[in-house]
Amino acid sequence: MAARRRASSRATATVTATDTDKSKSETPTKQEHADPPIAPPKSGLIFKLCLFFAIPYFYLLFYHYKIESELQRSILINAGLSLAGFFITQKMIPVASRYVLRRNLFGYDINKKGTPQGTIKVPESLGIVVGAVFLVLAILFQYFNFTADSNIAIVEKLGIAKNDFLGTVAEWLVEYNAALASICFMLLLGFVDDVLDVPWRVKLILPSFAALPLLMAYAGHTSIIIPKPLVPYVGLEILDLGWIYKLYMFLLAVFCTNSINIHAGLNGLEVGQTVVIASAAHAFSIYLVQPLLATSLALFSYNWYPSSVFVGDTYTYFAGMTMAVVGILGHFRFNPQTGLLTGTNDGTLVNFFLRLFGKMSEGSLCAALLVFQTCLPDI
């Protein structure tokens, strides 16, 4: 990611004999007292975003769509767990920040080079907190949503064969847990990347390994919905891909993880675009999207400009794989005198905006990109 520069582990590990002798003579101090605490979360921003999402959410859930009571109950249970996950994530991020700083997992914001903010150690890889809380919520949801009592009640209400219903639930759970396994795998690989800083040729193939659990367990349909603007040209609204669909799933996992990782480099951009994409989820993916949205908003409260934590490749890989699963079930210059970013000739969307609209602050640029992503599906 272009918005931060990792500290050199080689530099921090080099200690001369004189320094060692000197440190022995001095009174030892704990590392956590040497680094200042991170800035408090931007609660006002998150409150506004929650209001923005809540109004259409409740309108669609309780009024616009005629949702069955059992499905509505499941969505609300998932929403309650997600809300709890938001507060847990927000509380855990400052704690995790102290631990990663002790292990020299921090970076410097190169977009603020030449200013006092550019010399502050910013905790790195805080996406691990979001991923861990998300997985716990997604696993707990299975217990609350698929208890024996609720299964029997649904069977009796719908008047269907119990074996058929339980078979459908079992198939759903197999794919659901396979999806969680892929997300967990990608979270681990992302954290490994943050620690080892693997080369790009390796980053491109990491998602292919993480997608294997979902590919092997998937037994659903192999059809895709054609985007409405393309229907007149294709002649079909739904296209059955057959075996090609599994290849499509494989490529989608690679694309999503790396696209979020590449479209990065500004404070709040990685998390912000995930929030924008997650807010457009449909009913079939809402069980995974709600906890992703809630935990990402908690991280967003610390990562929005000016960032007090960095998300790391841990978060971008995790968010990208989650988006891939949901879909299946840059470089620039900073001027310390003006505080504005200037685009270069690199062909990224970030630089395209800077060349098109001129110099702007990092916060304004990130907001413009997120608004563009929000409006893009409607164009």
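A residue counts as buried when its relative accessible area is under 20%, as exposed when that area is over 50%, and as partly exposed in between. The model described here is a predicted one. Cys184 has a relative accessible area of 38%, so this residue is partly exposed. Cys50, at 32%, is partly exposed as well. By the rule applied to cysteine sulfur atoms, the chain has 0 disulfides.

For the chain as a whole, 18 helices and 7 strands are found. The chain has 379 residues, and 44% of them are buried. Its accessible surface comes to about 20,300 Å². Carbon and sulfur atoms account for 67% of that surface.

One part of the surface can be described in detail. A nonpolar patch of about 1,100 Å² is formed by Phe185, Leu188, Val192, Val195, Leu196, Trp200, Leu204, Ile205, Phe209, Leu212, Met216 and Ile262. Two elements give two or more residues to this patch: helix H8, which spans 162-196, and helix H11, which spans 212-217. The largest share comes from H8, with 5 residues. Val192 is a member of the patch and lies in helix H8.

The backbone has some features to look at in the loops. Which residues are joined by a cis peptide bond? Tyr305 and Pro306 are joined in this way, with omega at about -10 degrees. Pro306 is placed in the loop between helix H15 (286-303) and helix H16 (312-328).

Two residues other than glycine have a positive phi. For Asn104, phi is near 60 degrees. Asn104 sits in the loop that runs between helix H5 (69-102) and strand E2 (106-108). For Ser125, phi is near 65 degrees. The loop that holds Ser125 lies between strand E3 (122-123) and helix H6 (127-145).

Notes: Residues are numbered from 1 along each chain as its sequence is written. This is a predicted model: local features need pLDDT of at least 70, side-chain atom pairs count only at pLDDT 80 or more; totals for chains, interfaces and linings use all residues. Side-chain values use heavy atoms; hydrogens and water are left out. Helices (H or I, at least four residues) and strands (E, at least two) are DSSP runs, numbered from the N terminus. Buried means under 20% relative accessible area, exposed over 50%, partly exposed in between (1.4 Å probe, protein chains only). Accessible areas come from the Shrake-Rupley method with a 1.4 Å probe; for residues, only the protein chains shown count as cover. A disulfide is a pair of cysteine sulfur atoms within 2.5 Å. Patches are made of residues with over 30% relative accessible area and no salt bridge: like charges are joined within 9 Å, nonpolar side chains (Val, Leu, Ile, Met, Phe, Trp, Tyr) within 5 Å. A salt bridge is a side-chain nitrogen of Lys or Arg within 4 Å of a carboxyl oxygen of Asp or Glu.
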